[in-house]
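This report walks through the fold of one protein chain, from its overall layout to single residues. Please keep the sequence and the model in view while reading.

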Amino acid sequence: MQDRVDLTQTEQDVIDAIILDALSDLHVTQFRIFVEILGTDDSTGCPKEHVLGAEITIDYRNLQATISLYPVVIQDFRKDPFIIIPVIYHEISHLVTSRFKDLVWPLLNLDIQYERACIDAHENTTEILGRLALKYRQSFDKSYRQPRQEESNGKESNGNSETHEKGPAAHQVRTRGAP
(Lines give C-alpha, C1' and ligand atoms only; values in the text may rest on other atoms or scores of the structure.)
Protein backbone atom coordinates (compact mmCIF):
# COMPACT_ATOMS: atom_id res chain seq x y z
CA MET A 1 0.00 0.00 0.00
CA GLN A 2 1.38 3.39 -1.00
CA ASP A 3 1.21 6.60 0.99
CA ARG A 4 -1.22 9.26 -0.12
CA VAL A 5 0.16 11.47 -2.87
CA ASP A 6 -0.61 15.18 -2.66
CA LEU A 7 0.04 17.76 -5.36
CA THR A 8 1.97 20.95 -4.79
CA GLN A 9 0.23 24.17 -5.81
CA THR A 10 2.50 24.43 -8.86
CA GLU A 11 1.64 20.86 -9.92
CA GLN A 12 -2.08 21.58 -9.47
CA ASP A 13 -1.73 24.79 -11.52
CA VAL A 14 -0.01 22.89 -14.34
CA ILE A 15 -2.72 20.21 -14.38
CA ASP A 16 -5.48 22.84 -14.27
CA ALA A 17 -3.94 24.71 -17.22
CA ILE A 18 -3.70 21.50 -19.27
CA ILE A 19 -7.32 20.65 -18.46
CA LEU A 20 -8.51 24.10 -19.58
CA ASP A 21 -6.57 23.78 -22.84
CA ALA A 22 -7.92 20.28 -23.48
CA LEU A 23 -11.50 21.43 -22.82
CA SER A 24 -11.01 24.29 -25.27
CA ASP A 25 -9.30 22.16 -27.94
CA LEU A 26 -12.07 19.55 -27.79
CA HIS A 27 -14.85 22.19 -27.66
CA VAL A 28 -16.31 20.95 -24.38
CA THR A 29 -15.76 24.06 -22.26
CA GLN A 30 -19.28 23.76 -20.83
CA PHE A 31 -18.01 21.05 -18.45
CA ARG A 32 -16.67 21.75 -14.99
CA ILE A 33 -13.79 19.42 -14.15
CA PHE A 34 -12.70 18.29 -10.70
CA VAL A 35 -9.43 16.48 -10.04
CA GLU A 36 -8.90 13.92 -7.32
CA ILE A 37 -5.69 12.16 -6.44
CA LEU A 38 -6.35 8.61 -5.34
CA GLY A 39 -4.35 7.27 -2.44
CA THR A 40 -3.57 3.91 -3.94
CA ASP A 41 -3.58 2.14 -7.26
CA ASP A 42 -4.28 -1.45 -8.16
CA SER A 43 -1.03 -2.07 -9.99
CA THR A 44 0.50 -4.87 -7.94
CA GLY A 45 2.18 -7.27 -10.34
CA CYS A 46 0.92 -5.49 -13.47
CA PRO A 47 3.26 -4.66 -16.34
CA LYS A 48 3.83 -0.88 -16.59
CA GLU A 49 1.81 -0.57 -19.83
CA HIS A 50 -1.27 -2.11 -18.16
CA VAL A 51 -1.29 0.09 -15.06
CA LEU A 52 -4.27 2.42 -14.91
CA GLY A 53 -3.02 6.01 -14.63
CA ALA A 54 -6.30 7.90 -14.66
CA GLU A 55 -10.03 7.58 -15.17
CA ILE A 56 -12.92 9.97 -15.53
CA THR A 57 -16.42 9.89 -14.09
CA ILE A 58 -18.87 12.02 -16.07
CA ASP A 59 -22.15 13.61 -14.99
CA TYR A 60 -23.75 14.72 -18.26
CA ARG A 61 -26.86 16.10 -16.59
CA ASN A 62 -24.87 18.63 -14.53
CA LEU A 63 -22.05 19.01 -17.08
CA GLN A 64 -19.30 18.10 -14.69
CA ALA A 65 -16.70 15.37 -14.41
CA THR A 66 -14.04 14.14 -12.03
CA ILE A 67 -10.66 13.01 -13.26
CA SER A 68 -9.09 10.55 -10.84
CA LEU A 69 -5.31 10.39 -11.04
CA TYR A 70 -3.54 7.36 -9.63
CA PRO A 71 -0.18 7.57 -7.79
CA VAL A 72 1.70 5.92 -10.66
CA VAL A 73 0.87 8.77 -13.06
CA ILE A 74 1.70 11.43 -10.44
CA GLN A 75 5.08 9.79 -9.82
CA ASP A 76 5.78 9.74 -13.56
CA PHE A 77 4.57 13.36 -13.86
CA ARG A 78 7.09 14.43 -11.22
CA LYS A 79 9.90 12.83 -13.23
CA ASP A 80 8.68 14.25 -16.57
CA PRO A 81 5.83 16.82 -16.61
CA PHE A 82 5.06 15.98 -20.25
CA ILE A 83 3.77 12.55 -19.16
CA ILE A 84 0.52 14.04 -17.84
CA ILE A 85 -0.48 15.90 -21.02
CA PRO A 86 -1.68 12.94 -23.16
CA VAL A 87 -3.26 11.36 -20.07
CA ILE A 88 -5.41 14.44 -19.47
CA TYR A 89 -6.26 14.87 -23.17
CA HIS A 90 -7.37 11.23 -23.29
CA GLU A 91 -9.60 11.61 -20.23
CA ILE A 92 -11.14 14.87 -21.51
CA SER A 93 -11.79 13.14 -24.86
CA HIS A 94 -14.12 10.79 -22.99
CA LEU A 95 -16.47 13.78 -22.59
CA VAL A 96 -17.05 13.49 -26.34
CA THR A 97 -16.98 9.73 -26.84
CA SER A 98 -18.61 8.27 -23.73
CA ARG A 99 -22.09 9.71 -24.16
CA PHE A 100 -22.72 7.60 -27.25
CA LYS A 101 -21.39 4.50 -25.48
CA ASP A 102 -23.57 5.14 -22.42
CA LEU A 103 -26.72 5.56 -24.52
CA VAL A 104 -26.28 2.79 -27.08
CA TRP A 105 -24.48 -0.10 -25.41
CA PRO A 106 -27.28 -1.05 -23.00
CA LEU A 107 -29.57 -1.49 -26.00
CA LEU A 108 -27.24 -3.86 -27.83
CA ASN A 109 -27.38 -6.82 -25.43
CA LEU A 110 -23.79 -7.74 -26.28
CA ASP A 111 -22.12 -11.06 -25.67
CA ILE A 112 -18.89 -10.81 -23.69
CA GLN A 113 -16.50 -11.19 -26.64
CA TYR A 114 -18.24 -8.50 -28.70
CA GLU A 115 -18.51 -6.26 -25.63
CA ARG A 116 -14.71 -6.41 -25.20
CA ALA A 117 -14.29 -5.46 -28.86
CA CYS A 118 -16.63 -2.50 -28.36
CA ILE A 119 -14.73 -1.39 -25.26
CA ASP A 120 -11.48 -1.56 -27.23
CA ALA A 121 -13.04 0.41 -30.10
CA HIS A 122 -14.33 3.06 -27.68
CA GLU A 123 -10.93 3.45 -25.98
CA ASN A 124 -9.18 3.51 -29.35
CA THR A 125 -11.49 6.23 -30.66
CA THR A 126 -11.00 8.22 -27.46
CA GLU A 127 -7.21 7.88 -27.73
CA ILE A 128 -7.22 9.02 -31.37
CA LEU A 129 -9.38 12.03 -30.52
CA GLY A 130 -7.08 12.95 -27.62
CA ARG A 131 -3.99 12.67 -29.80
CA LEU A 132 -5.56 14.79 -32.56
CA ALA A 133 -6.51 17.51 -30.09
CA LEU A 134 -3.03 17.47 -28.55
CA LYS A 135 -1.42 17.60 -32.00
CA TYR A 136 -3.57 20.65 -32.75
CA ARG A 137 -2.42 22.31 -29.50
CA GLN A 138 1.23 21.52 -30.26
CA SER A 139 0.92 23.13 -33.69
CA PHE A 140 0.70 26.60 -32.15
CA ASP A 141 1.71 26.26 -28.49
CA LYS A 142 5.40 25.39 -28.17
CA SER A 143 5.12 24.77 -24.42
CA TYR A 144 3.27 21.53 -25.26
CA ARG A 145 6.14 20.17 -27.31
CA GLN A 146 8.67 18.05 -25.48
CA PRO A 147 12.09 19.68 -25.84
CA ARG A 148 14.59 17.80 -27.93
CA GLN A 149 17.65 16.59 -26.12
CA GLU A 150 20.68 18.70 -26.89
CA GLU A 151 24.07 17.17 -27.49
CA SER A 152 26.24 17.31 -24.40
CA ASN A 153 29.93 16.48 -23.98
CA GLY A 154 29.70 13.15 -25.72
CA LYS A 155 27.66 10.55 -27.46
CA GLU A 156 26.20 7.47 -25.92
CA SER A 157 26.53 4.04 -27.49
CA ASN A 158 23.71 1.53 -27.57
CA GLY A 159 26.06 -1.44 -28.01
CA ASN A 160 25.39 -1.92 -31.76
CA SER A 161 28.16 0.43 -32.90
CA GLU A 162 25.48 3.08 -33.31
CA THR A 163 25.58 6.26 -31.30
CA HIS A 164 22.90 8.70 -30.34
CA GLU A 165 23.07 12.09 -28.76
CA LYS A 166 22.57 12.47 -25.06
CA GLY A 167 21.87 15.60 -23.16
CA PRO A 168 19.84 17.24 -20.46
CA ALA A 169 16.12 16.69 -20.44
CA ALA A 170 14.96 19.90 -18.81
CA HIS A 171 11.22 19.48 -19.22
CA GLN A 172 8.97 22.31 -18.13
CA VAL A 173 5.30 22.91 -18.73
CA ARG A 174 4.38 26.58 -18.83
CA THR A 175 1.18 27.60 -17.12
CA ARG A 176 -0.85 30.62 -18.08
CA GLY A 177 0.17 33.73 -16.17
CA ALA A 178 3.40 32.20 -14.90
CA PRO A 179 6.53 34.37 -15.11
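## Basis and layout

Helices (H or I, at least four residues) and strands (E, at least two) are DSSP runs, numbered from the N terminus. From the N terminus on, the chain's elements follow the order α-β-β-β-α-α-α-β-β. That gives four helices and five strands.

The model is predicted: local features need pLDDT of at least 70, side-chain atom pairs count only at pLDDT 80 or more, and totals for chains, interfaces and linings use all residues. Residues are numbered from 1 along each chain as its sequence is written, and side-chain values use heavy atoms, with hydrogens and water left out.

The protein chain has 179 residues, and 36% of them count as buried. Buried means under 20% relative accessible area, exposed over 50%, and partly exposed in between (1.4 Å probe, protein chains only). Contact means heavy atoms within 4.5 Å. Among contacts between residues at least 6 apart in sequence, 70% join residues at least 24 apart.

## The sheet

Three strands make an open sheet. Their order is β1-β3-β2, with mixed pairing. Two strands pair if DSSP finds at least two bridges between them. β1 (32–37) and β2 (54–59) are the edge strands; each has a single partner, so one side of each has no neighbour in the sheet. Direction ignored, neighbouring strands are turned by 20° against each other on average.

β1 and β3 (residues 64–69) run parallel and are joined by six bridges. Glutamate 36 has serine 68 of β3 as its bridge partner. β2 and β3 run antiparallel, and six bridges join them as well. Here threonine 57 is partnered with threonine 66 of β3. In a regular strand the side chains alternate between the two faces of the sheet.

## Helices on the sheet

α1 packs on the sheet and touches β1 and β3. Its direction makes about 145° with that of β1. α3 also packs on the sheet, touching β1, β2 and β3. The direction of α3 makes about 30° with that of β2. Axes are lines fitted to C-alpha atoms, for helices over the stretch in contact, and angles run from 0 to 180 degrees between N-to-C directions.

Helix α2 spans residues 71–79. Its buried residues are Pro71, Val72, Val73, Ile74, Asp76 and Phe77. They pack against α1, β1, β3 and α3.

## How α1 meets α3

Two packed helices are described by the angle between their axes and the distance between the axes. For α1 (residues 9–25) and α3 (residues 84–108), the angle is about 45° and the axes lie 9 Å apart. The two helices are therefore oblique to each other. Angles under 35 degrees count as roughly parallel, over 145 as roughly antiparallel, 65 to 115 as roughly perpendicular and the rest as oblique. α1 passes α3 in a right-handed crossing. A crossing is right-handed if the near helix is turned clockwise from the far one by less than a right angle, and left-handed if anticlockwise.

On the α1 side, the contact uses Ile15, Ile18, Ile19, Asp21, Ala22, Leu23 and Asp25. α3 contributes Ile84, Ile85, Ile88, Tyr89, Ile92 and Leu95. By class, this contact has 11 nonpolar, no polar and two charged residues. Ala, Val, Leu, Ile, Met, Phe, Trp, Tyr, Cys and Pro count as nonpolar, Asp, Glu, Lys and Arg as charged, and the others, Gly among them, as polar.

Serine 98 sits in helix α3. It is buried, at 7% relative accessible area. Leaving aside neighbours within four places in sequence, serine 98 contacts Ile58, Tyr60 and His122.

Threonine 125 belongs to helix α4 (residues 112–140). At 43% relative accessibility, it counts as partly exposed. Threonine 125 and histidine 94 are 31 residues apart in sequence, and their C-alpha atoms are 9.3 Å apart in space.

## Positive phi in the loops

Histidine 27 lies in the loop between α1 and β1. Its phi is near 60°, a positive value in a residue other than glycine. Histidine 27 is exposed, with 67% relative accessible area.

β2 and β3 form a hairpin with four residues between them. Leucine 63 is in this turn and has a positive phi of about 50°, although it is not a glycine. Leucine 63 is partly exposed, at 33% relative accessible area.
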